[in-house]
Amino acid sequence: MDFKKCFVLFFLLTILPWMKISAQTWIVPDEAKTKVSPFIFTKETAEKGQSIYQKNCQSCHGIPRQNNPAKIIPDPGDPAAKKYQSQKDGEMFWKVTSGKTPMPQFQNILSEEERWNVISFVRSFNPEYIQPQPETRAGFSGKIIKLSINYIPDLKKIKVIAMEVTKDKKLIPSQGDKIILSVKRYFGEMQFGDPKITNQSGFALFEAPVDLTGDKEGKIELTARVDDPTGKVGDALAAAILAIGKPNTAPSLIASRAWWSTRKMAPVWVIATFSFAVIIVWGFIFYILLSLRKIRRIDL
Amino acid sequence: MAETIPSFESITHDLTRHINLSKGFKIWMTFLVIGLGVCLYAYYLQLKNGLGVAGIRDYISWGIYLSNFVFFVASSLIGMLISGVLGMIGVKWITPITRIAEIIAIAFSAIAGLVIVMDMGRPERLAYVFIYGRFQSPILWDVTVVTTYFVLSGLLYFLTLIPDLALTHHKIDKLPPVFGKAYKILSLNWANKPEQNAIINRSIRILLLLLIPSALAIHTVTSWLFALTLRPGWDSTIFGPYFVSGAFVAGSSAVIIAMYFFRKNYKLSEYLTDVHFNNMGKLLVLVSLVYLYFNVNEFLVPGYKLRRADAIHLQDLLAGHNALLFWTVQIGGLLFPVILLLFRKMRNPGPLMLISIAMLLGAWFKRFIIVIPTQEHPFLPIQHVPLNFKVYTPTLTEIAITFVSFFLVLIIITLLSKFFPVIPIYETAKEKGVATITIP
């Protein structure tokens, strides 16, 4: 039996039954099921969603209505099919957000708005779909929080302050919010230790990093947000640039002469060899072209 | 065997009688021009709509345009082997073949550059390669050597043509008179004077000396476009000689096919004899065996070690979805023809031409096998993309654009062989021992 068949058999016998079981048990928390889109689905939102869908979803789920999902197990299914359309928006949103192997988790890949756009696109294939009333700002029942980031040099700590905006526009400390602090790196955001819960004064204290490399001046970009999977808190976000990292002193990779460097910083011997070869060969070519004129003159 | 020395008149007559506007030529050219026109429309579509009309995508971004480019560069190398290496060693039988080899070299190297332009979404930016090109980049080296090799081949072709133009300009009576005049101008007043011949001979010697390293450079650099990456299937230290030896197989086949059709259509069987075909057949066996040797190295060495990435690549090539093409090319386009060519009868013009066609086709698809499968296996997994990003299939437009290059090459070969003597008259006369060479 060849290797391929062995592999397929192994796959069928071991992984498949496990997947089949796990595929049937995708439980969505009740809280998440009731979540609705913050905006009304329009043609524009569906179009935005289509472009996101093509890049992130189509390779497995295929083109909606054409029933051409990838042939993998568990079957990804066509999102225009009843199996999908019978679910609530909140269920879809939760599944896209959290994922479940082999379905990727899109929490950190797509923003909330982008995820809702995708659902808007998928819903556009269902003529019977009636969108539930979006949670607009006016009817927003949760609490509105304002965040700020401060650095306490004495304690070497980063203080995130959460203040609740009351109905009469007053600010009071917000207690018990889960704050996530992250730092911007080359590729995306890196979470900064564990999330912290705000205390009575609305403070969450994070240890300042001692060995995190920043830019040339040691500046790092921080972002604080409230961890709020159920959407009970309005969009709360704060960003700050603090000079608390290690200054980046590494020399630029293109500062010295090297193969990978810019044209100006090519190794001298490479420039010399290339130029020498070109000058020699083309020198001879021009020499021959000139001597052709001589052939003509000899007869005259 | 006492061979009678033919008269200079009869040689000139034999070697210039094909220079005319025959009906066959007109039909053939009409076919080529119409074909070219149709395919150029495909190129217009690409210019208008962008490279998306081709099957190339983010992962497999080098498709048949690039494998075709490698094929064209490869085929052009034969000029160096025949005129350069064999000519300088002093091999006598190649005299009537040298110019054919040069025509192949000129046509293929000229179009090789164009094929690269076809692969550019913004062809008007070609000059940027020279303006902004980095000295460290094989791309700059590649355009430099391709241009140089084309100029060297063109000059070599022209220099050996000068005496022939002078000897025949009054005989071109079947073409409009302007051709005769052009011949006279191009002949540079050559009158077989020792000083003139001295200049020509010295220039040819210099050109041949330059031709050998530039030909090696052109194809080695082409191989480096691949081998200077870390990708399985390309990451090889023998890619230079592997490409060069493969180039001689493609070029020799192309020359044999051209010889066959020139001999038949231009009635040159007295000059391109069975001996020439037999010798070219033997040369083809030699270069094929060298290429076969490099093939064994190229696949056995990584196949023995089976580093993870190489294993995936080789599994696909030898037993996966590229296996059918791979084995067809290796056996049908290389191994089997070589075995056939070991028999004397197979080196007769007819069978040899058919075998050469198989080998030339094999050579084209071999470049496909070298260029495309590697890109199907990047080091990072391909994800979140539609199927046509993962598996490369050339589109009809892309194939039509590729045919632009074939039509152009055939047009150049046809024009050069039809309007100028395809066998060197002066050299042949000297070699056959003609006593008096009359200069008009």
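## Exercises on a predicted two-chain model

Gly35(B) lies in helix H2 of chain B, which covers residues 23-49. The model is predicted, and every value below is computed from it.

**Exercise 1. Determine whether Gly35(B) is buried or exposed, and state how far its C-alpha atom lies from that of Asn348(B).**

Step 1. The relative accessible area of Gly35(B) is 10%.
Step 2. A residue counts as buried under 20%, so Gly35(B) is buried.
Step 3. Gly35(B) and Asn348(B) are 313 residues apart along the chain, and their C-alpha atoms are separated by 32 Å.

**Exercise 2. Describe the overall form of chain B, and decide whether its radius of gyration agrees with that of a compact globule.**

Step 1. Chain B contains 17 helices and zero strands.
Step 2. Along the principal axes, its C-alpha atoms fill a box of roughly 75 × 50 × 40 Å.
Step 3. For 440 residues, a compact globule would have a radius of gyration near 22 Å; the value for chain B is 23 Å, which agrees.
Step 4. Of the 440 residues of chain B, 55% count as buried.
Step 5. Consider contacts in chain B between residues at least 6 apart in sequence: 83% of them join residues at least 24 apart.

**Exercise 3. Explain which parts of chain B the salt bridge between Arg99(B) and Asp164(B) ties together, and classify both residues by accessibility.**

Step 1. The closest N and O atoms of Arg99(B) and Asp164(B) are 2.9 Å apart. The cut-off for a salt bridge is 4 Å, so the pair qualifies.
Step 2. Arg99(B) belongs to helix H5 (residues 95-118) and Asp164(B) to helix H7 (residues 138-168), so the bridge ties together parts that are 65 residues apart in sequence.
Step 3. Arg99(B) has a relative accessible area of 2% and is buried. Asp164(B), at 0%, is buried as well.
Step 4. Another salt bridge of chain B joins Arg122(B) and Glu124(B), with closest N and O atoms 2.6 Å apart. Here Arg122(B) is partly exposed, its relative accessible area being 43%.

**Exercise 4. Carry out the corresponding analysis for Asp227(A) and Lys178(A).**

Step 1. The side chains of these two residues meet in a salt bridge, with an N to O distance of 3.5 Å.
Step 2. Asp227(A) is in the loop between strand S8 (220-226) and strand S9 (237-242) of chain A, while Lys178(A) is in strand S4 (residues 178-184); the pair therefore ties together parts that are 49 residues apart in sequence.
Step 3. Asp227(A) is partly exposed at 25% relative accessibility, and Lys178(A) is partly exposed at 37%.
Step 4. Over all chains, the count comes to twelve salt bridges.

**Exercise 5. Characterise the interface of chain A and chain B: how many residues are in contact, and which element of chain A gives the most?**

Step 1. In this interface, 33 residues of chain A are in contact with 34 residues of chain B.
Step 2. The buried area is about 3100 Å², and carbon and sulfur atoms give 69% of it. On the side of chain A, Arg263(A), Phe274(A) and Ile295(A) lose the most area to chain B, together 22% of what that side buries.
Step 3. Helix H3 (43-56) and helix H8 (268-299) are the elements that give two or more residues to the side of chain A. H8(A) gives the most, with 18 residues.
Step 4. The residues of this side divide into 23 nonpolar, five polar and five charged.

Note on methods:
Residues numbered from 1 in each chain as written. Chains lettered and ligands numbered in written order. Predicted model: local features only at pLDDT ≥ 70, side-chain atom pairs only at ≥ 80, totals over all residues. Heavy atoms only, no water. Contact = heavy atoms within 4.5 Å. Buried area = accessible area lost by both parts, 1.4 Å probe. Helix = DSSP H or I, 4+ residues; strand = E, 2+ residues; numbered from the N terminus. Nonpolar A, V, L, I, M, F, W, Y, C, P; charged D, E, K, R; others polar. Rg over C-alpha atoms; globule rule 2.2 N^0.38 Å. Buried < 20%, exposed > 50% of the residue type's maximum accessible area, 1.4 Å probe, protein only.
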